[in-house]
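User: I have a chain open in the viewer and would like to go through it with you. Can we start with how the elements are assigned?

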Amino acid sequence: MQIRQGLIEITEDLAQAQIVAVLLSTDFLGHERAWAENEHARRRNLSGACRLLPIYVEPLADVPDHLKMLVGLPRHGKPMKGDEDWANIAAEIRGVAMKD
């Protein structure tokens, strides 16, 4: 029952979030529930209700088109390699938060 309650809370939080960071990996793209939440965030992003920020954490052979159209992080377009990339991503997210 605790797992179900946790999933409900995550869904509610995502429905209200102004910024949704998606950590892109092959596991994420292959996980049905994660993909469903991503679809919900994508629709909210298109309507202007939130900002969807794809974050590349590993090399991906096939990135979905709707995520290719967004500015991904790190901005150099390659998966993160270390602390410097994480620091840059944190700064980018802070910048987005300050604009909203």
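Analyst: Helices (H or I, at least four residues) and strands (E, at least two) are taken as DSSP runs and numbered from the N terminus. The model is a predicted one, in which local features need pLDDT of at least 70 and side-chain atom pairs count only at pLDDT 80 or more, while totals for chains, interfaces and linings use all residues. Residues are numbered from 1 along each chain as its sequence is written, and side-chain values use heavy atoms, with hydrogens and water left out.

User: OK, how many helices and strands are there in the chain?

Analyst: The chain has five helices and two strands, and from the N terminus on they are arranged as α-β-α-α-β-α-α.

User: And what's the mean pLDDT of the chain?

Analyst: The mean pLDDT (the predictor's confidence in each residue, from 0 to 100) is 80 for the chain, with 88% of the residues reaching 70 or more.

User: Which elements have the lowest and highest mean pLDDT?

Analyst: Helix α1, residues 2-16, has the lowest mean value among the elements, at 58, whereas helix α5, residues 83-99, has the highest, at 89. Over residues 1-7 the pLDDT stays under 50, and for that stretch the model has one contact (heavy atoms within 4.5 Å) beyond four places in sequence.

User: Switching to the strands, in which sense do β1 and β2 pair?

Analyst: Strand β1, residues 19-24, pairs with β2 in the parallel sense over six bridges, where pairing requires that DSSP find at least two bridges between the strands. Within that pairing, L23 of the chain stands opposite I55 in β2.

User: Why is β2 largely enclosed?

Analyst: Strand β2 spans residues 51-56, and five of its six residues are buried, so the rest of the structure largely encloses it. Here buried means under 20% relative accessible area, exposed means over 50%, and partly exposed lies in between (1.4 Å probe, protein chains only). For the chain as a whole, buried residues make up 30% of its 100 residues.

User: Now α5: which of its residues are buried?

Analyst: D85, I89 and V96 are buried in α5. Seen down the axis of α5, the buried residues fall within an arc of 35 degrees, so they line one face of the helix; the arc is that of the directions from the helix axis to the C-beta atoms.

User: What do those buried residues of α5 pack against, and what is on the other side?

Analyst: The buried residues of α5 pack against β1 and β2, while D83, E84, R94 and M98 are exposed on the other side of the helix.

User: Which residues are buried in α3?

Analyst: Those in α3 are A34, E37, N38, A41, R44 and N45. They cover an arc of only 120 degrees around the axis, which puts them on the same side of α3, and on the other side E32, L46 and S47 are exposed. After α3 comes G48, with a positive phi near 90 degrees.

User: Which residues is N38 in contact with, leaving aside its neighbours within four places?

Analyst: With those neighbours set aside, N38 is in contact with V22, F28, L52, H66 and L67. N38 belongs to helix α3, residues 32-47, and its relative accessible area is 2%.

User: How many salt bridges does a search of the whole structure find?

Analyst: The search finds one, a salt bridge being a side-chain nitrogen of Lys or Arg within 4 Å of a carboxyl oxygen of Asp or Glu. The pair is R42 and E39, whose side chains meet at 3.1 Å, N to O. Both residues lie in helix α3, three residues apart, which is about one turn of the helix. R42 is partly exposed, with a relative accessible area of 23%.
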